[in-house]
Amino acid sequence: MQLMVETRNLRKTYSRPDGSTIEAVKGVDLEIRQGEIFSLLGPNGAGKTTTISMISGLVTPTEGDATIGGFSITTQSMQAKRLMGFVPQEIALYPELSARQNLAFFGRMYGLGGKALSRRVYELLEFVDLADRQKDRIDTFSGGMKRRVNLAAGLLNSPPLIYMDEPTVGIDPQSRRRILDTVKLLRDEQGMTVLYTTHLMEEAEELSDRVGIMDHGEIIAMGTQAELTQQVGEEDRLEFTIGAQEIAEDLVERVQHQTAGVTRILSNPPEQISDDSSESTPARLIIFAKRGRTALPQIIQTLDAADVDIQSVAVREPDLEAVFLALTGRALRD
Amino acid sequence: MRSILTIILNDLKIFFAQRGNLVGLLVIPVLLTLVVGWSIGQIGGGGPTRLRVDLIDNDQTELSAILIEELRAANDALVLCPLDNDADDFCRLGEDPLQLDSAIERARSGRTSALIVIPAGYAAALEGFERINIDYYSLSDPLLPSPVLQSLNAVLQRAGSASITTGVAGALLDNLTAATDLPPLDKETRDGFLRSIYLRSQEMLTEQPPPVRFRVADADNEGEDGSSNGFNQSGPGMGSLYVMFTVLGGMAVLLRERRQWTLQRLMALPLSRAQILAAKIGVYFTLGMIQYFIVFAVGAAAGMDFGSDPPALLAVMAAFVLCITALTFALAPWIKSEGQARGLVLLLSLSLAPLGGAWWPLEIVPEFMRTLGHISPVAWAMNAFQDLIWFNGGFTDVLPEIGVLLAAAAVLFIFGIRSFKYE
Ligand SMILES: Nc1ncnc2c1ncn2[C@@H]1O[C@H](COP(=O)(O)OP(=O)(O)O)[C@@H](O)[C@H]1O
Ligand SMILES: [Mg+2]
């Protein structure tokens with residue numbers, strides 16, 4: 001299997017205005033194979049955007065290097081950049097120009113011109129289903145429409161490799177569906193290699209051939225979904241949503257000792273969603289157990305006896321969320 | 001190169017797609033140029049209040065010195081070159097002594113208002129009551145009143161009258177000594193006596209009001225109405241002011257492009273950083289030149305002069321725009337928000353413009369303000385424009401100003417390019 005992207009010990013240290021430094025990416029080694037969808041899954045601030053920025057030549061690595069189709073991004077960046085398309089997390093379009101003007105400009109920058117340019121621009125507008133709005137200014141578009149033009153702009157040079165940095169952030173479910181389908185189409189019908197970043201486990205699960213889980217600037221696990229879930233063993237995950245209350249230490253210990261198969265318990269206190277909101281996430285109790293369904297009645301009984309207000313309970317089989325939990329002790333969305 | 005042009009054209013397209021920019025580029029500067037031009041024309045302060053006059057004294061006698069002194073007294077707006085040159089080299093002589101050939105050339109091209117040549121033998125001729133020509137060279141029409149010619153005539157008239165008085169006195173003296181049979185006076189005594197009469201009569205004539213008085217409003221008599229002169233000040237002045245507004249505004253745009261990630265998208269394209277930077281510099285340089293052309297077009301329609309050396313004028317415009325572009329790139333990395341950028345644009349434009357003489361000529365401000373004003377690039381540009389437009393100067397006359405502007409641009413570009421934020 002040929003490698004499309006290979007990074008070695010990629011590092012990026014930013015200095016803050018106050019003089020302190022932050023290591024956004026701490027030595028990442030990635031191998032992305034030709035024709036696969038590779039997802040970088042990690043919470044906000046994990047270092048996904050910084051990683052993509054380094055392997056697309058936007059940001060100079062503090063240390064390390066990456067090759068794209070064999071070309072070094074630091075010493076052969078022109079050749080490397082010709083192989084890739086880039087869909088940034090922001091809507092990187094000129095709001096004052098129309099959809100078509102935006103695409104035509106970036107197309108011209110790839111050396112397209114004349115008939116070939118107008119054909120390619122029209123083709124892509126059709127592909128993202130915006131041909132009828134091509135003459136409208138970007139700043140009149142909805143979030144979902146902007147995202148689609150943003151995606152089209154990354155495909156202008158028909159690259160064999162495309163980076164997509166959280167391309168579904170802030171859009172309606174329909175537009176999200178459309179984009180996820182498009183990503184699969186690019187791999188299946190055009191044989192493209194896709195590097196996709198997201199903080200949503202569901203997206204990574206639906207799309208990826210292989211996944212790299214990222215946290216605090218490091219890749220903490222990498223492999224196919226099956227390989228990753230095997231790492232956490234056979235344990236099911238029991239997720240209890242409970243009323244706003246503290247779970248006492250000794251109750252946690254009691255559940256752990258009285259129930260067969262329970263391996264680990266995490267209790268997340270309620271959290272305010274944001275500073276200016278009175279809403280808060282409900283408190284959660286997450287219990288890992290072998291044969292979770294069998295253990296469930298016993299656990300509920302113990303919690304009931306301790307007067308815990310159980311609002312809902314879900315039994316989940318091993319998934320990427322579980323891998324992240326197991327490795328970091330935190331949920332992806334936290 | 002093609003990519004750079006494509007980026008420049010695209011950025012210009014975006015600039016012109018924003019209506020607010022058109023108001024700033026077109027409407028306000030045009031209105032201001034007209035209003036300021038007319039107002040300055042009305043109060044007669046449009047032009048330089050000093051006239052550059054070359055003077056070559058081949059006589060070098062006491063009498064020629066008196067003539068020169070008289071000339072100064074007759075019109076204090078005359079700056080006699082090289083005698084009365086100032087520290088700023090108002091005469092534009094540089095290091096070279098004034099030669100007749102070059103002085104004639106300066107007068108012909110209009111760089112000086114006139115050239116006066118006092119011939120050798122001037123004093124002898126006056127004393128001998130002989131005819132002698134003082135050569136006067138000037139571009140201005142001899143049939144129209146010229147302030148320099150008027151002053152010269154007034155002075156010569158006095159010198160002539162005094163010399164007649166002396167001649168008469170001399171003849172009288174000779175007749176007297178002959179008639180009274182006195183021994184003839186020795187030459188020295190006779191000359192001393194006659195000189196004292198000459199000086200006394202000069203003095204008396206001077207105390208009379210001079211036949212012609214010089215007024216500042218008549219400074220430029222080229223057969224146009226007085227108010228059009230105002231555009232020679234307001235055109236370059238408002239042009240330079242709005243070049244600053246427009247070009248410095250680029251600080252906010254550069255910030256926005258990084259915020260909206262269009263700059264990053266450019267960097268993901270197969271382009272070098274140097275190409276991107278060159279394109280961005282090109283954009284603001286082009287906008288600055290467009291701004292000058294707009295204001296100068298309005299000035300031209302209103303009667304502004306452009307001097308006689310268009311390439312030199314273009315060079316001055318380009319040097320100033322480049323300097324302001326460099327300032328934009330030097331400041332841009334420190335800007336944190338668009339509001340901050342807007343504040344800085346206003347602050348810089350509204351302080352550097354008046355300091356540098358964009359609103360009124362620096363000639364009318366106190367000496368120390370004029371000196372202080374030269375920290376503003378506007379002052380150097382306005383100096384150069386004045387040389388070209390008022391004094392019909394050429395490329396060599398504005399080389400020092402162009403040099404200063406380009407040197408400042410180079411220094412600022414080094415700062416700007418080094419700290420340009422790509423990431
Ligand atoms: N230009 C920058 N200057 C300073 N810190 C930065 C910069 N860009 C990112 N960071 C920091 O680096 C970390 C990783 O950010 P990022 O790569 O954007 O994460 P993600 O895309 O996974 O959300 C964050 O803590 C972020 O605050
Ligand atoms: Mg990100």
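## Interface between chains A and B

Chain B and chain A bury an area of about 2,700 Å² between them, of which 63% comes from carbon and sulfur atoms; buried area is the accessible area (1.4 Å probe) that two parts lose on being put together, summed over both. B:W261, B:R265 and B:P270 supply 29% of the area that chain B buries against chain A, more than any other three residues. The contact involves 35 residues from chain A and 26 residues from chain B, contact meaning heavy atoms within 4.5 Å.

This is a predicted model, in which local features need pLDDT of at least 70 and side-chain atom pairs count only at pLDDT 80 or more, while totals for chains, interfaces and linings use all residues. Residues are numbered from 1 along each chain as its sequence is written, chains are lettered from A and ligands numbered from 1 in the order in which they are written, and side-chain values use heavy atoms, with hydrogens and water left out.

One salt bridge is counted between chain B and chain A, the term denoting a side-chain nitrogen of Lys or Arg within 4 Å of a carboxyl oxygen of Asp or Glu. A salt bridge joins the side chains of B:R256 and A:E96 (3.7 Å, N to O). Between chain B and chain A, six residue pairs are in polar contact, both residues being at pLDDT 80 or more. A polar contact is a pair of N or O atoms within 3.5 Å; within protein, one must be able to donate a hydrogen and the other to accept it, and residues adjacent in sequence count only if both atoms are side-chain atoms.

On the side of chain B that touches chain A, α1 (2–17), α9 (250–259) and α10 (262–268) of chain B each supply at least two residues. Helices (H or I, at least four residues) and strands (E, at least two) are DSSP runs, numbered from the N terminus. α1(B) gives the most to this side, with nine residues. The side of chain B that touches chain A comprises 10 nonpolar, eight polar and eight charged residues; Ala, Val, Leu, Ile, Met, Phe, Trp, Tyr, Cys and Pro count as nonpolar, Asp, Glu, Lys and Arg as charged, and the others, Gly among them, as polar.

## Surroundings of ligand 1

The residues around ligand 1 (a heavy atom within 4 Å) include A:Y14, A:I22, A:K48 and A:T50. α1(A) gives the most to this shell, with three residues. Oxygen atoms of ligand 1 lie 2.7 Å from a polar backbone atom of A:G45, 2.9 Å from one of A:G47 and 2.6 Å from a polar side-chain atom of A:T49.
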